[in-house]
Amino acid sequence: MEHESRRQPSDRRIALLIDADNVSHSKIAAMLAELSKYGTANIRRAYGDWSSASLKGWKDKLHEFAIRPIQQFSYSSGKNATDIALVIDAMELLYTQRPDAFCLASSDADFTPLVMQLKANGHDVYGFGERKTPAPFVNACTTFLYLDSLGDNAAAVEAPAKDQPRQRKKASAESPKVGAKNTSKTADKSLEKAAVKAGDKSLAQDSTLVTILRGAVEAAAQEDGWASLSAAGSAVKRQAPIDPRNYGVRNFPALFAATGLFDIVKGENGLSYVADKRNRDRTGKPGG
């Protein structure tokens with residue numbers, strides 16, 4: 001399986017399996033766009049009882065995005081036969097089609113053992129679901145993204161969620177606009193300043209997030225106490241399926257900055273570095 005992890009995104013084959021009973025059809029385009037970062041979803045299947053009126057909105061989307069509907073009748077009242085059909089197909093695909101990765105779109109924690117089994121066989125598993133998705137399923141995935149975080153980035157910033165109005169509004173006002181003649185350095189600083197003003201209090205109080213971010217910086221730090229932002233971001237992803245957009249910012253530099261708990265500077269080599277403000281042993285600047 002090792003050779004698969006080194007493949008370029010354009011070469012990686014992803015099996016997208018959708019629990020239509022638990023996912024809105026309105027997010028299909030956004031999900032496919034997100035998956036394009038990791039590979040091509042050349043296997044696309046949606047599971048449900050397609051005779052049910054509750055799935056009526058799905059039918060046009062199936063044709064539009066070339067998703068194969070898998071009919072599953074409910075044989076017993078109160079039992080979810082759709083889940084069983086999806087699990088059976090996933091295991092069959094694992095040993096027959098051998099995709100490079102899987103994507104499960106559902107908010108149902110019953111799929112957690114399936115995710116663990118797929119990962120044990122050396123496959124990345126990307127997850128999509130609603131905010132109500134139980135933590136075991138979220139944490140089992142390689143990467144998990146809440147569906148309300150998907151879509152046009154600008155729209156998401158301008159139309160904040162009720163629980164984060166202050167954070168997203170300010171990030172939108174101060175982040176660099178598309179087409180503006182900013183250098184990458186200016187853009188980075190603008191975004192970081194917006195993030196610090198927007199979410200330092202709320203994010204700094206998220207003990208789980210802070211623990212993960214600090215652990216990532218510590219894991220990636222050099223002897224001088226500074227870690228490159230790219231290495232720190234990768235270390236975050238190795239710990240947990242965190243996507244900065246779930247916190248109202250665009251990327252990891254902005255997420256680190258938004259907590260107000262880290263120092264972020266540009267090194268002489270043009271790269272960005274991050275250090276934990278609590279670390280009194282770090283040098284004054286990277287390489288210093």
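Twelve salt bridges are counted in this structure, which is a predicted model. Four of the residues concerned, Glu34, Lys37, Asp243 and Arg245, are joined to one another in a network of salt bridges. Asp243 has a relative accessibility of 7%, and because the cut-off for burial is under 20%, it counts as buried. Arg245, with a relative accessibility of 14%, likewise falls under the 20% cut-off and is therefore classed as buried.

| Salt bridge | Closest N and O atoms |
|---|---|
| Lys285 and Glu268 | 3.7 Å |
| Arg278 and Asp276 | 3.4 Å |

The salt bridge between Lys285 and Glu268 has its closest N and O atoms 3.7 Å apart. Lys285 belongs to the segment after β9 (272-276), whereas Glu268 lies in the loop between β8 (262-266) and β9, so this pair ties together parts of the chain that are 17 residues apart in sequence. As to accessibility, Lys285 is partly exposed at 46%, while Glu268 is exposed at 80%. In the remaining pair of the table, Arg278 and Asp276 form a salt bridge with a closest N and O distance of 3.4 Å; here Arg278 counts as exposed, with a relative accessibility of 54%, and Asp276 counts as buried, with a relative accessibility of 10%.

Turning to the overall fold, the protein contains twelve helices and nine strands, and 47% of its 288 residues count as buried.

Six of the strands make up an open sheet, in which the order is β3-β2-β1-β4-β5-β6 and the pairing is parallel. The edges of this sheet are formed by β3 (68-71) and β6 (143-146), each of which pairs on one side only, and from one strand to the next the twist averages 20 degrees. Strand β1 (residues 13-19) is mostly covered, with six of its seven residues buried. The pairing of β1 with strand β2 (residues 40-48) is in the parallel sense and extends over six bridges. Along this pairing, Leu16 stands opposite Arg44 in β2, and Asp19 has Tyr47 of β2 as its bridge partner.

Among the helices, one packing arrangement can be described in some detail. Two packed helices are described by the angle between their axes together with the distance between those axes. For helix α10 (residues 207-220) and helix α12 (residues 252-259), the axes come within 11 Å and cross at roughly 115 degrees, and the crossing is left-handed. On the α10 side the contact is made by Leu209, Leu213 and Val217, which meet Leu255, Phe256 and Thr259 on the α12 side. By residue type, this contact comprises five nonpolar residues, one polar residue and no charged residue.

Technical notes: Residues are numbered from 1 along each chain as its sequence is written. This is a predicted model: local features need pLDDT of at least 70, side-chain atom pairs count only at pLDDT 80 or more; totals for chains, interfaces and linings use all residues. Side-chain values use heavy atoms; hydrogens and water are left out. Axes are lines fitted to C-alpha atoms, for helices over the stretch in contact, and angles run from 0 to 180 degrees between N-to-C directions. Helices (H or I, at least four residues) and strands (E, at least two) are DSSP runs, numbered from the N terminus. A crossing is left-handed if the near helix is turned anticlockwise from the far one by less than a right angle, and right-handed if clockwise. Contact means heavy atoms within 4.5 Å. Ala, Val, Leu, Ile, Met, Phe, Trp, Tyr, Cys and Pro count as nonpolar, Asp, Glu, Lys and Arg as charged, and the others, Gly among them, as polar. A salt bridge is a side-chain nitrogen of Lys or Arg within 4 Å of a carboxyl oxygen of Asp or Glu. Buried means under 20% relative accessible area, exposed over 50%, partly exposed in between (1.4 Å probe, protein chains only). Two strands pair if DSSP finds at least two bridges between them.
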